[in-house]
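Welcome to this structure! Here are a few notes to read alongside the sequence and the 3D view.

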Amino acid sequence: MTGTEGDGGIERIGRDETAEERADRRWGELIQEVRVAQTGVQILFGFLLTVVFTPRFAQLGRTDRTIYIVTIVLGAAATGALIGPVSVHRLVAGRRVKPQAVVWAARLTLVGLVLLLATMTSALLLVLRVATHDSYVLWLVAAVLAWYLLCWFAWPLWTRHRHTTR
């Protein structure tokens, strides 16, 4: 435990928890985060699966069909990555490897978020191309992608850098 001298006592920094308690806490936090991302990717993926059965799908050009295929594969990959931590937990439960499982599940979740980002961007591109064939579609998609990158990665990484104590 690290500490600093305060007003006549020691001010504790951080949590007073064992490695196992820390792994349990981090696991709980990770699962809550995954639940949010899983819901989004599952709804989007479910919607994407139905698109191929609509009459409009037959009218799509080659480029739009290719974008659809890429989008559906990205959605499937994102779904797999974001459900992966549940499998990790189930398959290693009781093996006394929770700290390592949390690290690998967190990595898998990050991969899932990157794949979700790609899926959402690709889906947006497809929908906007079908809705309008105007030249500003790529600019709109680029702007939304920049927003996702800012919200999901740049701002959290800036916060991490700015507020992490040494």
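1. A term to begin with: a patch is made of residues with over 30% relative accessible area and no salt bridge, and nonpolar side chains are joined into one within 5 Å. Please keep in mind that this is a predicted model.

2. With that in hand, look at the surface, where Trp147, Leu150, Trp155 and Trp158 form a nonpolar patch with about 520 Å² of accessible area together. Trp155 sits in helix H4. Its relative accessibility is 54%, so Trp155 counts as exposed, the cut-off being over 50%.

3. For the overall plan, the protein has four helices and two strands. Starting at the N terminus, the order is β-β-α-α-α-α.

4. The C-alpha trace spans about 75 × 40 × 15 Å along its principal axes. The radius of gyration is 21 Å, whereas a compact globule of 166 residues would have one near 15 Å. Buried residues make up 28% of the 166 residues.

5. Now to the inside. The largest nonpolar core has 15 residues, and those touching the most other members are Phe57, Tyr68, Ile72, Leu125, Val137 and Val141. Helices H1 (19-51), H2 (62-92), H3 (98-131) and H4 (137-163) each give two or more residues to this core. Beyond its neighbours within four places in sequence, Tyr68 is in contact with Leu48, Leu49, Val51, Val52, Phe57 and Leu126.

6. Leaving aside neighbours within four places in sequence, Ser122 is in contact with Ile67, Val70, Thr71 and Leu74.

Technical notes:
Residues are numbered from 1 along each chain as its sequence is written. This is a predicted model: local features need pLDDT of at least 70, side-chain atom pairs count only at pLDDT 80 or more; totals for chains, interfaces and linings use all residues. Side-chain values use heavy atoms; hydrogens and water are left out. A nonpolar core is a set of buried Ala, Val, Leu, Ile, Met, Phe, Trp, Tyr and Cys residues joined through side-chain atoms within 4.5 Å. Buried means under 20% relative accessible area, exposed over 50%, partly exposed in between (1.4 Å probe, protein chains only). Contact means heavy atoms within 4.5 Å. Patches are made of residues with over 30% relative accessible area and no salt bridge: like charges are joined within 9 Å, nonpolar side chains (Val, Leu, Ile, Met, Phe, Trp, Tyr) within 5 Å. Accessible areas come from the Shrake-Rupley method with a 1.4 Å probe; for residues, only the protein chains shown count as cover. A salt bridge is a side-chain nitrogen of Lys or Arg within 4 Å of a carboxyl oxygen of Asp or Glu. The radius of gyration is taken over C-alpha atoms; the globule rule is 2.2 Å times the number of residues to the power 0.38.
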